[in-house]
Amino acid sequence: MEGAWILADSYRCFYRATTSYEGKMSVTEMRYTFQKPWRIRMDISKPRKGAVLIYNPDLSPKVRVRPFPSMNFMVMNYDLTDKKVSSDSGGTIDQSHLGERIERWCKGYRDSFERSAGSETMTWIENGSVYKLTLSPQTRLPVKLEITGGNAKRSELFEWSEMEINP
């Protein structure tokens, strides 16, 4: 997985996150584009279709947001930690790319790696939650991460599909 990331200068994929907590479900979908070092574009299709977020620290430390597709002139700038451009759990855009996640997962859970028929998975437990990461046998990059809370009231599913490496 780390070797596959080193060879990727950029990638583009469809990203879907489904979160369920105490019966309340939320879905986020987007076309996600990343280019080293840390240039990120998110073309949102859910929950606000047409919104675009761009992060390029070479140009600005701020996240640029175009919230309405019909108003290209309307662009807002937010700090990385602003709640409008960070996840519910406090994750920021600069930490959203696969390289950041792969580094974190491999550093802490290298010994948890296991193979199963046709795919590769890593499973580990952290703070009472079970994490199951599935890698693509072709790209050796993540295609799915499932997180189930210890109390079974929380579950999260993150999926990366239509992956294009160095497009």
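**Notebook: strand pairing, a core leucine and a loop serine**

I began at one strand pair, where I found Phe-14 standing opposite Ser-161 in β11. The model I am reading is a predicted one, and I keep that in mind for each entry below.

Next I stepped back to the whole chain. I counted off two helices and eleven strands in the protein, and read their order from the N terminus as α-β-β-β-β-β-β-α-β-β-β-β-β. Of the 167 residues, 37% are buried, and the accessible surface comes to about 10,100 Å², with 51% of it belonging to carbon and sulfur atoms. For contacts between residues at least 6 apart in sequence, I noted that 34% join residues at least 24 apart.

Which residues touch the most other members of the largest nonpolar core? I found Tyr-32, Ile-93 and Leu-145, in a core of 37 residues. For Tyr-32, I set aside neighbours within four places in sequence and listed the contacts, among them Tyr-11, Cys-13, Tyr-15, Ile-40, Met-42, Ile-93 and His-97.

I then took Leu-145, which lies in strand β10. Is Leu-145 buried or exposed? Leu-145 counts as buried because its relative accessible area is 4%, which is under the 20% cut-off. Not counting residues up to four places away in sequence, Leu-145 touches Trp-105, Trp-124 and Trp-160, as well as others including Tyr-131, Leu-133, Leu-157 and Phe-158. I also looked up Leu-135, ten residues from Leu-145 in sequence, and found the two C-alpha atoms 9.0 Å apart. As a general note, nonpolar side chains tend to be buried together in soluble globular proteins.

My last entry concerns Ser-136, in the loop between β9 (129-135) and β10 (142-148). Although this serine sits in a loop, I record Ser-136 as buried, because its relative accessible area of 8% is under 20%. Where does the side chain of Ser-136 reach? I found that it reaches the backbone nitrogen of Gln-138 at 3.1 Å, and that a polar atom of the Ser-136 side chain lies 3.2 Å from the backbone nitrogen of Thr-139. Beyond neighbours within four places in sequence, Ser-136 is in contact with Leu-141 and Val-143.

Definitions and conventions
Residues are numbered from 1 along each chain as its sequence is written. This is a predicted model: local features need pLDDT of at least 70, side-chain atom pairs count only at pLDDT 80 or more; totals for chains, interfaces and linings use all residues. Side-chain values use heavy atoms; hydrogens and water are left out. Helices (H or I, at least four residues) and strands (E, at least two) are DSSP runs, numbered from the N terminus. Buried means under 20% relative accessible area, exposed over 50%, partly exposed in between (1.4 Å probe, protein chains only). A polar contact is a pair of N or O atoms within 3.5 Å; within protein, one must be able to donate a hydrogen and the other to accept it, and residues adjacent in sequence count only if both atoms are side-chain atoms. Contact means heavy atoms within 4.5 Å. Two strands pair if DSSP finds at least two bridges between them. A nonpolar core is a set of buried Ala, Val, Leu, Ile, Met, Phe, Trp, Tyr and Cys residues joined through side-chain atoms within 4.5 Å. Accessible areas come from the Shrake-Rupley method with a 1.4 Å probe; for residues, only the protein chains shown count as cover.
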